[in-house]
Amino acid sequence: MREYKALINNEFIDNGQWVEILNPTTLDVAGKVSALKEEDVNKAYKAARDAQPQWEAKTLLERIAILKKFRDEILKNKDELAQIMAEEIAKGVKEALNEVIRTVEIIDYTFEEVKRLDPLAMTGEGMGARNKLGIFSRVAKGVVCAISPFNYPFNLALAKIIPALVTGNTVVFKPATAGSLVGAYMGKLAVDANFPKGIFNIVTGRGRDIGDIITSNPEINMISFTGSVNIGKQIRKQGSSTDLVLELGGKDPALVLDDKNLEKYADEIIAGAFGYSGQRCTAIKRVLVSDKIADKLVPLLKTRVEALKVGSPFDNANITPVIDEKSADFIQGLIDDAKAKNATIVYGDKKEKNLMWPSLVDHVTVDMKLAWEEPFGPVLPIIRINDVDKMIEIANQSEFGLQASVFCQDLSTAIKVAKKIETGTVNLNSRPQRGPDCFPFLGIKDSGEGVQGIRESLISMTRYKGIVINY
Ligand code: NAP
Ligand code: G3P
(Lines give C-alpha, C1' and ligand atoms only; values in the text may rest on other atoms or scores of the structure.)
(Ligands and ions follow the chains in the order given, each with its own letter.)
Protein backbone atom coordinates (compact mmCIF):
# COMPACT_ATOMS: atom_id res chain seq x y z
CA MET A 1 0.00 0.00 0.00
CA ARG A 2 1.21 3.51 -0.83
CA GLU A 3 2.49 5.38 2.22
CA TYR A 4 3.81 8.90 1.74
CA LYS A 5 5.07 11.28 4.38
CA ALA A 6 4.78 15.05 4.54
CA LEU A 7 7.77 17.18 3.57
CA ILE A 8 9.14 19.88 5.87
CA ASN A 9 12.55 21.47 5.31
CA ASN A 10 13.39 18.63 2.88
CA GLU A 11 12.76 16.01 5.56
CA PHE A 12 10.02 13.40 5.24
CA ILE A 13 7.84 13.74 8.31
CA ASP A 14 5.53 11.31 9.99
CA ASN A 15 4.28 11.75 13.54
CA GLY A 16 2.84 8.26 13.78
CA GLN A 17 -0.62 9.40 12.76
CA TRP A 18 -2.02 8.82 9.28
CA VAL A 19 -4.90 9.70 7.00
CA GLU A 20 -6.12 6.85 4.82
CA ILE A 21 -7.17 7.65 1.26
CA LEU A 22 -9.84 5.43 -0.28
CA ASN A 23 -9.71 4.23 -3.86
CA PRO A 24 -13.10 5.44 -5.22
CA THR A 25 -13.20 2.52 -7.67
CA THR A 26 -12.68 -0.32 -5.20
CA LEU A 27 -13.54 1.56 -1.96
CA ASP A 28 -10.45 -0.09 -0.50
CA VAL A 29 -7.60 1.92 1.01
CA ALA A 30 -5.42 3.30 -1.81
CA GLY A 31 -2.77 4.58 0.57
CA LYS A 32 -2.05 6.80 3.52
CA VAL A 33 -0.31 10.09 4.23
CA SER A 34 0.93 11.73 7.41
CA ALA A 35 -1.75 13.42 9.51
CA LEU A 36 0.12 16.53 10.61
CA LYS A 37 -0.74 18.58 13.66
CA GLU A 38 -0.46 22.28 14.46
CA GLU A 39 3.14 22.06 15.60
CA ASP A 40 4.10 20.39 12.31
CA VAL A 41 2.32 23.11 10.31
CA ASN A 42 4.15 25.77 12.29
CA LYS A 43 7.46 24.05 11.54
CA ALA A 44 6.59 24.07 7.83
CA TYR A 45 5.93 27.80 7.85
CA LYS A 46 9.11 28.49 9.81
CA ALA A 47 11.07 26.47 7.27
CA ALA A 48 9.48 28.41 4.41
CA ARG A 49 10.13 31.77 6.09
CA ASP A 50 13.76 30.91 6.93
CA ALA A 51 14.46 29.71 3.38
CA GLN A 52 12.78 32.57 1.53
CA PRO A 53 15.48 35.31 1.59
CA GLN A 54 18.19 33.04 0.20
CA TRP A 55 15.83 31.57 -2.39
CA GLU A 56 14.80 35.04 -3.59
CA ALA A 57 18.45 36.10 -3.62
CA LYS A 58 19.17 33.57 -6.36
CA THR A 59 18.90 34.90 -9.89
CA LEU A 60 15.81 34.03 -11.88
CA LEU A 61 17.86 31.74 -14.12
CA GLU A 62 19.30 29.94 -11.08
CA ARG A 63 15.78 29.31 -9.77
CA ILE A 64 14.59 28.15 -13.21
CA ALA A 65 17.55 25.75 -13.47
CA ILE A 66 16.58 24.11 -10.17
CA LEU A 67 12.88 23.97 -11.07
CA LYS A 68 13.74 22.49 -14.46
CA LYS A 69 15.23 19.46 -12.66
CA PHE A 70 11.88 19.09 -10.86
CA ARG A 71 10.09 19.35 -14.20
CA ASP A 72 12.35 16.61 -15.57
CA GLU A 73 11.60 14.40 -12.54
CA ILE A 74 7.89 14.83 -13.33
CA LEU A 75 8.40 13.53 -16.86
CA LYS A 76 10.51 10.64 -15.61
CA ASN A 77 7.69 9.68 -13.23
CA LYS A 78 4.71 10.56 -15.43
CA ASP A 79 3.27 7.04 -15.64
CA GLU A 80 3.53 6.49 -11.89
CA LEU A 81 1.90 9.88 -11.25
CA ALA A 82 -0.98 8.97 -13.58
CA GLN A 83 -1.39 5.59 -11.91
CA ILE A 84 -1.55 7.20 -8.46
CA MET A 85 -4.25 9.63 -9.62
CA ALA A 86 -6.28 6.81 -11.17
CA GLU A 87 -6.10 4.97 -7.85
CA GLU A 88 -6.93 7.88 -5.59
CA ILE A 89 -9.41 10.01 -7.56
CA ALA A 90 -10.69 7.50 -10.18
CA LYS A 91 -9.51 9.68 -13.05
CA GLY A 92 -8.96 7.62 -16.23
CA VAL A 93 -5.29 6.69 -16.56
CA LYS A 94 -5.07 8.39 -19.96
CA GLU A 95 -6.80 11.52 -18.65
CA ALA A 96 -4.49 11.53 -15.62
CA LEU A 97 -1.47 11.25 -17.89
CA ASN A 98 -2.82 14.21 -19.87
CA GLU A 99 -3.06 16.14 -16.61
CA VAL A 100 0.64 15.48 -15.96
CA ILE A 101 1.69 16.46 -19.48
CA ARG A 102 -0.49 19.59 -19.33
CA THR A 103 1.24 20.52 -16.07
CA VAL A 104 4.68 20.22 -17.68
CA GLU A 105 3.44 22.49 -20.48
CA ILE A 106 2.30 25.03 -17.89
CA ILE A 107 5.71 24.83 -16.19
CA ASP A 108 7.60 25.32 -19.45
CA TYR A 109 5.40 28.27 -20.46
CA THR A 110 5.83 29.77 -16.97
CA PHE A 111 9.62 29.64 -17.29
CA GLU A 112 9.31 31.80 -20.42
CA GLU A 113 6.57 34.12 -19.20
CA VAL A 114 8.37 34.99 -15.95
CA LYS A 115 11.20 36.49 -18.00
CA ARG A 116 8.66 38.97 -19.38
CA LEU A 117 7.88 40.39 -15.90
CA ASP A 118 9.99 43.39 -16.84
CA PRO A 119 10.20 46.38 -14.47
CA LEU A 120 7.99 49.34 -15.26
CA ALA A 121 9.96 52.58 -15.80
CA MET A 122 8.02 55.88 -15.60
CA THR A 123 8.79 59.59 -15.58
CA GLY A 124 6.85 62.07 -13.47
CA GLU A 125 6.48 64.59 -16.28
CA GLY A 126 2.82 63.94 -16.71
CA MET A 127 2.31 65.15 -13.15
CA GLY A 128 4.80 68.02 -13.33
CA ALA A 129 7.59 66.10 -11.61
CA ARG A 130 10.31 66.59 -14.19
CA ASN A 131 13.11 65.37 -11.91
CA LYS A 132 11.73 61.94 -11.03
CA LEU A 133 12.33 58.61 -12.75
CA GLY A 134 10.46 55.67 -11.18
CA ILE A 135 11.44 52.04 -11.70
CA PHE A 136 8.86 49.49 -10.48
CA SER A 137 10.02 45.85 -10.37
CA ARG A 138 7.95 42.75 -9.48
CA VAL A 139 9.30 41.06 -6.35
CA ALA A 140 8.25 38.01 -4.33
CA LYS A 141 5.53 38.42 -1.71
CA GLY A 142 7.31 36.00 0.63
CA VAL A 143 5.55 32.81 1.81
CA VAL A 144 2.71 31.41 -0.31
CA CYS A 145 0.10 28.96 0.97
CA ALA A 146 -1.14 26.81 -1.92
CA ILE A 147 -4.24 24.65 -1.46
CA SER A 148 -5.54 22.40 -4.23
CA PRO A 149 -8.82 20.50 -4.87
CA PHE A 150 -9.27 16.77 -5.44
CA ASN A 151 -10.18 16.90 -9.12
CA TYR A 152 -6.87 18.20 -10.52
CA PRO A 153 -4.59 17.22 -7.63
CA PHE A 154 -1.42 17.55 -9.69
CA ASN A 155 -2.22 20.29 -12.18
CA LEU A 156 -4.05 22.73 -9.90
CA ALA A 157 -1.33 22.28 -7.28
CA LEU A 158 1.68 22.99 -9.49
CA ALA A 159 -0.19 25.75 -11.35
CA LYS A 160 0.19 27.58 -8.02
CA ILE A 161 3.44 26.14 -6.66
CA ILE A 162 5.63 26.78 -9.73
CA PRO A 163 4.75 30.48 -10.28
CA ALA A 164 5.23 31.02 -6.54
CA LEU A 165 8.68 29.39 -6.48
CA VAL A 166 10.00 30.78 -9.75
CA THR A 167 9.36 34.36 -8.57
CA GLY A 168 11.29 33.80 -5.33
CA ASN A 169 8.50 32.90 -2.91
CA THR A 170 8.64 29.79 -0.78
CA VAL A 171 5.63 27.51 -0.45
CA VAL A 172 3.56 25.59 2.09
CA PHE A 173 1.31 23.28 0.08
CA LYS A 174 -1.82 21.49 1.31
CA PRO A 175 -3.14 18.85 -1.10
CA ALA A 176 -6.74 17.70 -0.95
CA THR A 177 -7.04 14.53 1.10
CA ALA A 178 -8.27 12.74 -2.05
CA GLY A 179 -5.25 13.77 -4.04
CA SER A 180 -2.77 13.64 -1.18
CA LEU A 181 -0.94 10.61 -2.51
CA VAL A 182 0.06 12.40 -5.70
CA GLY A 183 0.51 15.61 -3.70
CA ALA A 184 2.88 13.99 -1.24
CA TYR A 185 4.68 12.21 -4.08
CA MET A 186 5.81 15.66 -5.20
CA GLY A 187 8.03 15.61 -2.10
CA LYS A 188 10.06 12.78 -3.59
CA LEU A 189 10.36 14.68 -6.89
CA ALA A 190 11.49 17.84 -5.07
CA VAL A 191 14.15 16.05 -3.04
CA ASP A 192 15.34 14.18 -6.15
CA ALA A 193 15.61 17.57 -7.88
CA ASN A 194 17.81 18.85 -5.04
CA PHE A 195 15.46 21.64 -4.01
CA PRO A 196 17.12 23.91 -1.45
CA LYS A 197 15.86 23.14 2.04
CA GLY A 198 12.58 24.70 3.06
CA ILE A 199 11.50 26.30 -0.24
CA PHE A 200 8.75 23.72 -0.78
CA ASN A 201 6.88 22.15 2.14
CA ILE A 202 3.97 19.72 1.91
CA VAL A 203 1.53 19.57 4.82
CA THR A 204 -0.85 16.62 4.65
CA GLY A 205 -3.86 15.94 6.82
CA ARG A 206 -7.60 16.47 6.64
CA GLY A 207 -8.71 20.01 5.92
CA ARG A 208 -11.34 19.76 8.64
CA ASP A 209 -8.56 19.08 11.15
CA ILE A 210 -5.76 21.44 10.10
CA GLY A 211 -7.22 23.64 7.34
CA ASP A 212 -7.86 26.68 9.55
CA ILE A 213 -4.44 26.25 11.15
CA ILE A 214 -2.82 26.20 7.71
CA THR A 215 -4.58 29.33 6.43
CA SER A 216 -4.24 31.43 9.58
CA ASN A 217 -0.50 31.13 10.15
CA PRO A 218 1.05 34.62 10.61
CA GLU A 219 3.93 33.80 8.24
CA ILE A 220 1.62 33.70 5.19
CA ASN A 221 1.86 36.51 2.65
CA MET A 222 -0.53 35.06 0.07
CA ILE A 223 -3.06 32.21 -0.18
CA SER A 224 -3.89 30.61 -3.51
CA PHE A 225 -6.89 28.35 -2.99
CA THR A 226 -8.97 26.24 -5.35
CA GLY A 227 -11.98 24.43 -4.00
CA SER A 228 -15.56 24.82 -2.89
CA VAL A 229 -17.39 28.05 -2.20
CA ASN A 230 -17.94 27.10 1.45
CA ILE A 231 -14.27 26.62 2.20
CA GLY A 232 -13.34 29.67 0.15
CA LYS A 233 -15.75 31.78 2.20
CA GLN A 234 -14.31 30.29 5.40
CA ILE A 235 -10.82 31.37 4.34
CA ARG A 236 -12.03 34.84 3.35
CA LYS A 237 -13.83 35.18 6.71
CA GLN A 238 -10.53 34.81 8.55
CA GLY A 239 -10.09 38.37 7.33
CA SER A 240 -6.33 38.52 7.66
CA SER A 241 -4.35 40.99 5.58
CA THR A 242 -3.17 38.07 3.45
CA ASP A 243 -3.65 38.43 -0.30
CA LEU A 244 -6.10 35.87 -1.67
CA VAL A 245 -6.74 34.15 -4.98
CA LEU A 246 -9.81 31.94 -4.70
CA GLU A 247 -11.01 29.72 -7.56
CA LEU A 248 -14.31 28.28 -6.38
CA GLY A 249 -17.40 26.49 -7.64
CA GLY A 250 -19.41 26.93 -10.78
CA LYS A 251 -22.82 26.35 -12.38
CA ASP A 252 -21.80 27.06 -15.93
CA PRO A 253 -24.81 27.55 -18.24
CA ALA A 254 -24.89 26.63 -21.93
CA LEU A 255 -27.31 28.91 -23.81
CA VAL A 256 -28.40 27.33 -27.11
CA LEU A 257 -29.75 30.10 -29.32
CA ASP A 258 -30.19 28.42 -32.71
CA ASP A 259 -30.39 24.98 -34.31
CA LYS A 260 -27.89 25.65 -37.11
CA ASN A 261 -25.23 23.24 -35.87
CA LEU A 262 -26.95 21.01 -33.32
CA GLU A 263 -24.69 17.98 -33.86
CA LYS A 264 -21.63 20.06 -32.97
CA TYR A 265 -23.46 21.75 -30.07
CA ALA A 266 -24.43 18.31 -28.73
CA ASP A 267 -20.82 17.09 -28.93
CA GLU A 268 -19.60 20.13 -27.02
CA ILE A 269 -22.37 19.97 -24.41
CA ILE A 270 -21.77 16.28 -23.66
CA ALA A 271 -17.99 16.73 -23.44
CA GLY A 272 -18.51 19.83 -21.30
CA ALA A 273 -21.01 18.19 -18.95
CA PHE A 274 -19.53 14.72 -18.48
CA GLY A 275 -15.73 15.16 -18.67
CA TYR A 276 -14.21 13.51 -15.56
CA SER A 277 -17.77 12.51 -14.63
CA GLY A 278 -18.82 16.16 -14.34
CA GLN A 279 -16.29 16.78 -11.53
CA ARG A 280 -14.96 19.94 -13.08
CA CYS A 281 -15.68 23.46 -11.89
CA THR A 282 -16.07 24.51 -15.55
CA ALA A 283 -18.41 21.64 -16.39
CA ILE A 284 -21.63 22.60 -18.16
CA LYS A 285 -24.11 22.28 -15.30
CA ARG A 286 -27.29 23.51 -17.02
CA VAL A 287 -28.53 23.90 -20.62
CA LEU A 288 -30.87 26.83 -21.28
CA VAL A 289 -32.80 26.29 -24.53
CA SER A 290 -36.20 26.99 -26.12
CA ASP A 291 -38.82 24.25 -26.45
CA LYS A 292 -38.54 24.25 -30.24
CA ILE A 293 -34.79 23.68 -30.25
CA ALA A 294 -34.85 21.38 -27.20
CA ASP A 295 -37.20 18.99 -29.02
CA LYS A 296 -34.40 18.49 -31.59
CA LEU A 297 -31.41 18.83 -29.24
CA VAL A 298 -32.44 16.46 -26.44
CA PRO A 299 -32.57 13.34 -28.70
CA LEU A 300 -29.05 14.17 -29.94
CA LEU A 301 -27.85 14.53 -26.34
CA LYS A 302 -29.56 11.26 -25.37
CA THR A 303 -27.79 9.33 -28.12
CA ARG A 304 -24.44 10.65 -26.91
CA VAL A 305 -25.11 10.08 -23.21
CA GLU A 306 -26.12 6.46 -23.89
CA ALA A 307 -22.81 5.93 -25.71
CA LEU A 308 -20.71 7.04 -22.73
CA LYS A 309 -18.78 4.10 -21.30
CA VAL A 310 -19.37 3.66 -17.56
CA GLY A 311 -16.76 1.82 -15.57
CA SER A 312 -13.20 1.78 -14.32
CA PRO A 313 -10.54 4.49 -14.68
CA PHE A 314 -8.14 1.68 -15.49
CA ASP A 315 -10.19 0.93 -18.59
CA ASN A 316 -10.36 4.65 -19.37
CA ALA A 317 -14.16 4.64 -19.09
CA ASN A 318 -15.81 7.99 -19.84
CA ILE A 319 -17.78 7.87 -16.60
CA THR A 320 -15.89 6.60 -13.55
CA PRO A 321 -16.90 6.49 -9.87
CA VAL A 322 -17.37 9.91 -8.28
CA ILE A 323 -14.98 10.77 -5.49
CA ASP A 324 -16.94 9.25 -2.63
CA GLU A 325 -20.33 7.90 -1.59
CA LYS A 326 -21.28 11.12 0.20
CA SER A 327 -20.90 13.03 -3.06
CA ALA A 328 -22.87 10.36 -4.93
CA ASP A 329 -25.71 10.61 -2.43
CA PHE A 330 -25.74 14.41 -2.77
CA ILE A 331 -25.90 14.18 -6.56
CA GLN A 332 -28.66 11.55 -6.39
CA GLY A 333 -30.58 13.81 -4.00
CA LEU A 334 -30.64 16.55 -6.63
CA ILE A 335 -31.96 14.11 -9.22
CA ASP A 336 -34.59 12.78 -6.81
CA ASP A 337 -35.76 16.32 -5.97
CA ALA A 338 -36.11 17.11 -9.69
CA LYS A 339 -38.05 13.88 -10.28
CA ALA A 340 -40.36 14.63 -7.38
CA LYS A 341 -41.10 17.99 -8.99
CA ASN A 342 -41.97 16.40 -12.38
CA ALA A 343 -38.69 16.65 -14.27
CA THR A 344 -38.23 14.07 -17.04
CA ILE A 345 -35.42 11.52 -16.70
CA VAL A 346 -34.33 11.10 -20.32
CA TYR A 347 -31.47 8.79 -19.38
CA GLY A 348 -29.62 7.63 -16.27
CA ASP A 349 -30.88 8.02 -12.73
CA LYS A 350 -28.93 4.88 -11.83
CA LYS A 351 -26.14 4.39 -9.34
CA GLU A 352 -24.22 1.62 -7.65
CA LYS A 353 -22.65 3.13 -4.52
CA ASN A 354 -20.51 5.94 -5.97
CA LEU A 355 -20.62 4.73 -9.58
CA MET A 356 -23.26 6.93 -11.20
CA TRP A 357 -24.57 6.48 -14.70
CA PRO A 358 -24.72 9.79 -16.62
CA SER A 359 -28.11 11.42 -16.12
CA LEU A 360 -29.88 13.63 -18.64
CA VAL A 361 -32.81 15.43 -17.00
CA ASP A 362 -35.27 17.42 -19.14
CA HIS A 363 -37.98 19.92 -18.14
CA VAL A 364 -35.99 21.08 -15.13
CA THR A 365 -37.65 24.14 -13.62
CA VAL A 366 -36.37 26.89 -11.36
CA ASP A 367 -38.13 25.46 -8.32
CA MET A 368 -35.80 22.44 -8.45
CA LYS A 369 -32.47 22.28 -6.60
CA LEU A 370 -30.86 20.84 -9.73
CA ALA A 371 -31.43 24.18 -11.48
CA TRP A 372 -29.19 26.00 -9.02
CA GLU A 373 -26.91 23.72 -7.02
CA GLU A 374 -23.51 22.44 -8.19
CA PRO A 375 -23.78 18.63 -8.45
CA PHE A 376 -20.09 18.10 -9.22
CA GLY A 377 -21.12 14.83 -10.85
CA PRO A 378 -22.49 13.28 -14.07
CA VAL A 379 -25.87 14.98 -14.36
CA LEU A 380 -27.08 17.50 -16.95
CA PRO A 381 -30.31 19.46 -16.48
CA ILE A 382 -32.21 20.94 -19.45
CA ILE A 383 -34.08 24.13 -18.56
CA ARG A 384 -36.54 25.16 -21.27
CA ILE A 385 -36.94 28.93 -21.70
CA ASN A 386 -38.51 30.44 -24.84
CA ASP A 387 -37.20 33.96 -24.47
CA VAL A 388 -33.51 34.92 -24.78
CA ASP A 389 -33.73 37.79 -22.30
CA LYS A 390 -35.29 35.42 -19.77
CA MET A 391 -32.52 32.91 -20.49
CA ILE A 392 -29.91 35.56 -19.66
CA GLU A 393 -31.84 36.54 -16.54
CA ILE A 394 -31.92 32.94 -15.30
CA ALA A 395 -28.24 32.45 -16.19
CA ASN A 396 -27.37 35.53 -14.12
CA GLN A 397 -29.57 34.63 -11.17
CA SER A 398 -27.02 31.99 -10.14
CA GLU A 399 -24.77 32.73 -7.17
CA PHE A 400 -21.97 31.39 -9.36
CA GLY A 401 -20.20 33.28 -12.12
CA LEU A 402 -17.35 31.15 -13.43
CA GLN A 403 -17.85 30.51 -17.15
CA ALA A 404 -20.67 30.06 -19.68
CA SER A 405 -21.15 28.86 -23.26
CA VAL A 406 -23.27 30.50 -25.95
CA PHE A 407 -24.10 28.31 -28.95
CA CYS A 408 -25.13 30.51 -31.87
CA GLN A 409 -23.85 30.74 -35.44
CA ASP A 410 -24.58 34.46 -35.72
CA LEU A 411 -21.44 35.98 -34.17
CA SER A 412 -22.99 39.38 -33.59
CA THR A 413 -25.90 37.90 -31.63
CA ALA A 414 -23.56 35.58 -29.73
CA ILE A 415 -21.33 38.46 -28.65
CA LYS A 416 -24.26 40.66 -27.64
CA VAL A 417 -25.64 37.86 -25.44
CA ALA A 418 -22.18 36.96 -24.08
CA LYS A 419 -21.64 40.55 -22.96
CA LYS A 420 -24.76 40.34 -20.81
CA ILE A 421 -23.82 37.11 -19.04
CA GLU A 422 -22.28 37.67 -15.59
CA THR A 423 -19.33 35.27 -15.55
CA GLY A 424 -15.55 35.47 -15.75
CA THR A 425 -15.53 34.10 -19.28
CA VAL A 426 -18.05 33.18 -22.01
CA ASN A 427 -17.13 30.59 -24.64
CA LEU A 428 -18.72 31.01 -28.07
CA ASN A 429 -19.71 27.67 -29.65
CA SER A 430 -17.52 25.57 -27.37
CA ARG A 431 -17.69 24.09 -23.90
CA PRO A 432 -16.32 26.08 -20.98
CA GLN A 433 -12.75 25.28 -19.94
CA ARG A 434 -9.87 26.66 -17.92
CA GLY A 435 -7.42 26.09 -20.73
CA PRO A 436 -5.57 27.17 -22.72
CA ASP A 437 -3.65 27.80 -19.51
CA CYS A 438 -2.07 31.02 -20.76
CA PHE A 439 -5.56 32.57 -20.71
CA PRO A 440 -6.67 34.42 -17.57
CA PHE A 441 -9.00 32.15 -15.58
CA LEU A 442 -11.39 33.76 -13.11
CA GLY A 443 -14.73 33.47 -11.43
CA ILE A 444 -16.92 36.31 -10.18
CA LYS A 445 -19.61 36.36 -7.50
CA ASP A 446 -19.33 33.14 -5.45
CA SER A 447 -17.07 31.56 -8.07
CA GLY A 448 -13.99 33.28 -6.88
CA GLU A 449 -11.71 36.22 -6.25
CA GLY A 450 -8.58 37.16 -8.18
CA VAL A 451 -7.31 35.54 -11.36
CA GLN A 452 -5.31 32.43 -12.29
CA GLY A 453 -3.64 31.66 -15.59
CA ILE A 454 0.09 31.63 -16.16
CA ARG A 455 0.88 35.35 -16.33
CA GLU A 456 -1.87 36.27 -13.89
CA SER A 457 -0.55 33.77 -11.34
CA LEU A 458 2.95 35.25 -11.62
CA ILE A 459 1.49 38.71 -11.01
CA SER A 460 -0.69 37.58 -8.08
CA MET A 461 2.34 36.07 -6.31
CA THR A 462 4.51 39.16 -6.69
CA ARG A 463 4.21 42.83 -5.81
CA TYR A 464 5.73 46.06 -7.08
CA LYS A 465 8.95 47.35 -5.50
CA GLY A 466 9.45 50.93 -6.62
CA ILE A 467 12.71 52.88 -6.68
CA VAL A 468 12.46 56.54 -7.60
CA ILE A 469 15.54 58.37 -8.89
CA ASN A 470 15.56 62.14 -8.31
CA TYR A 471 17.83 64.17 -10.62
P1 NAP B 1 -13.06 21.43 -1.01
O2 NAP B 1 -13.78 20.40 -0.23
O3 NAP B 1 -13.37 22.85 -0.79
O4 NAP B 1 -11.47 21.22 -0.72
C5 NAP B 1 -10.55 22.04 -1.39
C6 NAP B 1 -9.26 22.05 -0.57
O7 NAP B 1 -9.49 22.75 0.64
C8 NAP B 1 -8.80 20.67 -0.17
O9 NAP B 1 -7.39 20.63 -0.16
C10 NAP B 1 -9.32 20.56 1.25
O11 NAP B 1 -8.63 19.63 2.05
C12 NAP B 1 -9.05 21.96 1.73
N13 NAP B 1 -9.79 22.35 2.92
C14 NAP B 1 -10.83 21.74 3.52
N15 NAP B 1 -11.21 22.43 4.62
C16 NAP B 1 -10.37 23.50 4.72
C17 NAP B 1 -10.23 24.59 5.63
N18 NAP B 1 -11.01 24.73 6.68
N19 NAP B 1 -9.25 25.50 5.42
C20 NAP B 1 -8.42 25.37 4.36
N21 NAP B 1 -8.50 24.36 3.45
C22 NAP B 1 -9.47 23.44 3.65
O23 NAP B 1 -13.20 21.20 -2.58
P24 NAP B 1 -12.95 19.83 -3.38
O25 NAP B 1 -14.00 18.86 -2.95
O26 NAP B 1 -11.52 19.44 -3.25
O27 NAP B 1 -13.19 20.30 -4.87
C28 NAP B 1 -14.52 20.44 -5.33
C29 NAP B 1 -14.96 21.88 -5.28
O30 NAP B 1 -13.91 22.72 -5.72
C31 NAP B 1 -16.13 22.15 -6.22
O32 NAP B 1 -16.99 23.12 -5.67
C33 NAP B 1 -15.47 22.73 -7.46
O34 NAP B 1 -16.35 23.54 -8.19
C35 NAP B 1 -14.35 23.51 -6.85
N36 NAP B 1 -13.28 23.63 -7.82
C37 NAP B 1 -13.08 24.85 -8.41
C38 NAP B 1 -12.10 24.97 -9.36
C39 NAP B 1 -11.81 26.28 -10.04
O40 NAP B 1 -10.76 26.37 -10.72
N41 NAP B 1 -12.66 27.27 -9.89
C42 NAP B 1 -11.31 23.90 -9.72
C43 NAP B 1 -11.56 22.68 -9.08
C44 NAP B 1 -12.55 22.55 -8.13
P45 NAP B 1 -9.36 18.20 2.35
O46 NAP B 1 -9.51 17.51 1.06
O47 NAP B 1 -8.40 17.52 3.31
O48 NAP B 1 -10.68 18.52 2.99
O1 G3P C 1 -12.29 22.02 -12.05
C2 G3P C 1 -11.03 22.28 -12.52
C3 G3P C 1 -11.06 23.56 -13.30
O4 G3P C 1 -9.87 24.23 -13.16
C5 G3P C 1 -11.44 23.26 -14.72
O6 G3P C 1 -10.32 22.87 -15.46
O7 G3P C 1 -9.29 22.43 -17.65
O8 G3P C 1 -11.18 20.99 -16.88
O9 G3P C 1 -11.63 23.35 -17.56
P10 G3P C 1 -10.61 22.37 -16.98
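This is a predicted model: local features need pLDDT of at least 70, side-chain atom pairs count only at pLDDT 80 or more; totals for chains, interfaces and linings use all residues.
User: Why are α3 and α6 called roughly antiparallel?

Analyst: Helix α3 (residues 78-89) and helix α6 (residues 180-192) pack at an angle of about 155 degrees. Angles over 145 degrees count as roughly antiparallel, and α3 and α6 are therefore described in that way. Their axes are 8 Å apart.

User: Which residues make the contact of α3 and α6?

Analyst: Helix α3 contributes E80, L81, I84, M85 and E88, while S180, L181, V182, Y185 and L189 come from α6. Contact means heavy atoms within 4.5 Å. By class, seven of the residues are nonpolar, one is polar and two are charged.

User: What makes the approach of R102 to ligand 2 a polar contact?

Analyst: A polar side-chain atom of R102 lies 2.8 Å from an oxygen atom of ligand 2. The cut-off for a pair of N or O atoms is 3.5 Å, so the R102 pair qualifies as a polar contact. By that cut-off, R280 also qualifies, with a polar side-chain atom 2.6 Å from a ligand 2 oxygen. For R434, the separation between a side-chain N or O atom and an oxygen of ligand 2 is 2.7 Å, which is again within 3.5 Å.

User: How much of ligand 2 does the protein bury?

Analyst: Ligand 2 taken alone exposes 300 Å², and the protein buries 95% of that area.

User: Which residues are around ligand 2, and what classes do they represent?

Analyst: The shell consists of R102, N151, Y152, L156, R280, C281, T282, Q433 and R434. Three of these residues are nonpolar, three polar and three charged.

Notes: Residues are numbered from 1 along each chain as its sequence is written. Chains are lettered from A and ligands numbered from 1 in the order in which they are written. Side-chain values use heavy atoms; hydrogens and water are left out. Axes are lines fitted to C-alpha atoms, for helices over the stretch in contact, and angles run from 0 to 180 degrees between N-to-C directions. Helices (H or I, at least four residues) and strands (E, at least two) are DSSP runs, numbered from the N terminus. Angles under 35 degrees count as roughly parallel, over 145 as roughly antiparallel, 65 to 115 as roughly perpendicular and the rest as oblique. Ala, Val, Leu, Ile, Met, Phe, Trp, Tyr, Cys and Pro count as nonpolar, Asp, Glu, Lys and Arg as charged, and the others, Gly among them, as polar. A residue is near a molecule or strand if one of its heavy atoms lies within 4 Å of it. A polar contact is a pair of N or O atoms within 3.5 Å; within protein, one must be able to donate a hydrogen and the other to accept it, and residues adjacent in sequence count only if both atoms are side-chain atoms. Accessible areas come from the Shrake-Rupley method with a 1.4 Å probe; for residues, only the protein chains shown count as cover.
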